[in-house]
Amino acid sequence: MTRPPSLSHPFLLGFDDIERALDRVAKGAGDGYPPYNIERLPRTEDEPDKLRITLAVAGFSREQLEITLEENQLTIRGRQVDDKTRHFLHRGIAARQFQRSFLLADGMHVLGADLSNGLLAIDLARPEPERLVRRIDIMSRD
């Protein structure tokens, strides 16, 4: 099922990239694992707005996690391999794999990532866009 174009108003010119991004985000909605938070960090005088994505990745080591940025899509993957040498009497914690993607706005920068106490934190910066005002000359074709 395709959704009707929501940005097809005649006053919205050139927003087809946003339309495709919305479609990609809608298709990428997963099973909710791992849970995550997105928070805005306090702004300082000399630093731009910052955001932090925090994923609950208990049981994953640094080697089992991968963070990639392709164009504007931030993807976090976790891969655990079942240890065949262990014999479980009860198995309540499964070895899982996951992939979680976030579509970043133009101009967003990934500052870094940190894994601590089972939480993976990825810091992002959103620089203030420049306000450009440009006068357009009107040509006469008489």
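In what order do the three strands of the open sheet stand? In this predicted model, the order is β3-β4-β5, and the pairing is antiparallel. Strands β3 and β5 stand at the edges, each with a single partner strand, so one side of each has no neighbour in the sheet. Neighbouring strands are turned by 15° against each other on average, direction ignored.

The pairing of β3 with β4 involves residues 65-70 and residues 73-79, respectively. Six bridges hold this antiparallel pair. Across it, glutamate 66 faces arginine 77 of β4 as its opposite residue. The two strands form a hairpin, with two residues between them. Glutamate 71 lies in the turn and has a positive phi of about 55°.

On the other pairing, β4 and β5 run antiparallel and are joined by seven bridges. Here leucine 74 stands opposite phenylalanine 102, a residue of β5.

Strand β5 covers residues 97-103 and includes phenylalanine 98. Phenylalanine 98 counts as buried because its relative accessibility is 6%, and the cut-off for buried is under 20%. Beyond its neighbours within four places in sequence, phenylalanine 98 contacts Tyr33, Pro34, Leu55, Val57, Phe60, Leu65, Ile76, Arg77 and Gly78. Arginine 77, one of these contacts, is also the residue opposite glutamate 66. Proline 34, another of the contacts, lies 64 residues from phenylalanine 98 along the chain.

Technical notes
Residues are numbered from 1 along each chain as its sequence is written. This is a predicted model: local features need pLDDT of at least 70, side-chain atom pairs count only at pLDDT 80 or more; totals for chains, interfaces and linings use all residues. Side-chain values use heavy atoms; hydrogens and water are left out. Helices (H or I, at least four residues) and strands (E, at least two) are DSSP runs, numbered from the N terminus. Buried means under 20% relative accessible area, exposed over 50%, partly exposed in between (1.4 Å probe, protein chains only). Contact means heavy atoms within 4.5 Å. Two strands pair if DSSP finds at least two bridges between them. Axes are lines fitted to C-alpha atoms, for helices over the stretch in contact, and angles run from 0 to 180 degrees between N-to-C directions.
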